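Please examine the sequence and the three-dimensional structure shown below. An explanation in running paragraphs then leads through the fold, its confidence and selected local features.

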Amino acid sequence: MNAQDDVRGAMLAAVPSLRAFAISLCGDVDRANDLVQETLLRAWSHLDSFEPGTNMSAWLFTILRNHFRTEYRKRRREVEDADGGYAERLTAREEQTAHIEFGELREALLKLSADQREALILVGASGFSYEEAAKICNCAVGTIKSRVNRARLRLAETLGVEAVQEIASEPETPIAASGGRDE
Amino acid sequence: MEIKQLTSKKVPSVEPNLSSEVIQSGKRLFRRLGMGTGGMSEMNDKIRQPPDTSMKAEKTKRKKGRLSADIQYKLGQQLRAMYTDVVNEGVPDQFSELIQRLEKRDEK
């Protein structure tokens with residue numbers, strides 16, 4: 001029973017960040033909650049594939065990410081048709097809640113490719129290392145690094161930061177490549 | 001050569017397909033972050049000096065690096081703040097109830 005308590009505790013403890021990750025990915029709170037719910041259901045039914053002692057949070061993020069990507073492919077046409085459907089739902093939410101000040105940033109995030117968005121959020125907001133993020137996204141560490149860098153440039157560009165060209169022209173500077181911790 | 005390119009870049013290059021609303025809101029955001037054009041013009045003034053030695057060119061380069069680090073830092077701060085905003089909402093009841101249901105189901 002103790003082991004199960006641990007699992008339950010770890011799962012519940014991960015829910016707030018899972019929701020933050022999901023909302024950042026899809027820009028829609030209801031859909032994000034669905035993603036988290038589906039993630040918990042899947043995790044629960046595949047608990048035997050979780051290696052005790054490893055990072056429960058990273059495991060759950062992987063499940064959520066994969067589920068989102070599968071769903072994303074399925075929904076792509078719908079999303080394209082809707083053209084701005086995300087933005088509309090996003091606006092509705094922003095008006096209802098205290099999230100107004102991040103509306104611009106969320107909107108800019110949604111303009112990134114799914115690859116870049118997930119990489120940037122995992123490293124830049126969720127606090128995963130490049131290595132952990134690479135595992136979650138099932139790709140090479142170098143790929144994550146370049147996606148994070150490109151995501152930052154694109155984000156700054158979308159937000160109208162004038163210095164973007166200068167960063168972009170200097171991809172080899174240590175600072176531009178220094179990674180997600182931003183310490 | 002490189003320096004000439006820098007100073008000649010006056011207009012912020014923004015993708016033409018972005019709505020001006022988004023661009024404006026982005027600018028507002030960055031003004032709030034204290035990242036308006038003030039710092040930029042100050043930097044441009046410094047860059048406008050003739051590049052007489054390679055030492056100077058080297059200095060300019062580092063200056064640029066610092067600026068980009070600053071922007072990255074502020075972007076990162078905003079990202080984390082946005083994220084934390086959701087994290088601070090805690091665990092909505094639907095999820096603790098879900099786990100409870102799953103546990104009960106397994107006990108039977």
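Predicted model: local features only at pLDDT ≥ 70, side-chain atom pairs only at ≥ 80, totals over all residues.

Residues are numbered from 1 along each chain as its sequence is written, and chains are lettered from A and ligands numbered from 1 in the order in which they are written.

The secondary structure of chain A consists of nine helices and zero strands; helices (H or I, at least four residues) and strands (E, at least two) are DSSP runs numbered from the N terminus. Of its 183 residues, 43% count as buried, a residue being buried if 20 or more other C-beta atoms lie within 10 Å of its own, exposed if 12 or fewer, and partly exposed in between, with C-beta atoms placed from the backbone. Among contacts between residues at least 6 apart in sequence, 61% join residues at least 24 apart; two residues are in contact if their C-beta atoms, placed from the backbone, lie within 7 Å.

Confidence is expressed as pLDDT, the predictor's score for each residue from 0 to 100. Chain A averages 80, and 72% of the residues score at least 70. Confidence is highest in helix H7 (residues 130-136) of chain A, at a mean of 97, and lowest in helix H9 (residues 164-168) of chain A, at 44. Over residues 163-183 of chain A, pLDDT stays under 50, and the model has 35 contacts beyond four places in sequence for them.

Helix H6 (residues 114-124) of chain A packs against helix H8 (residues 141-158) of chain A at an angle of about 100°, with the axes 8 Å apart. Axes are lines fitted to C-alpha atoms, for helices over the stretch in contact, and angles run from 0 to 180 degrees between N-to-C directions. H6(A) and H8(A) are therefore roughly perpendicular, the class for 65 to 115 degrees. Residues of H6(A) including A:Leu120 and A:Val123 meet residues of H8(A) including A:Ile144 and A:Val148. Nine of the 11 residues of H6(A) are buried, so this helix is largely enclosed by the rest of the structure.

The loop between H7 and H8 of chain A contains A:Asn138. A:Asn138 has a positive phi of about 55° although it is not a glycine. Most residues other than glycine have a negative phi. With 11 C-beta neighbours inside 10 Å, A:Asn138 counts as exposed.

Notes
Parallel < 35°, antiparallel > 145°, perpendicular 65-115°, else oblique.
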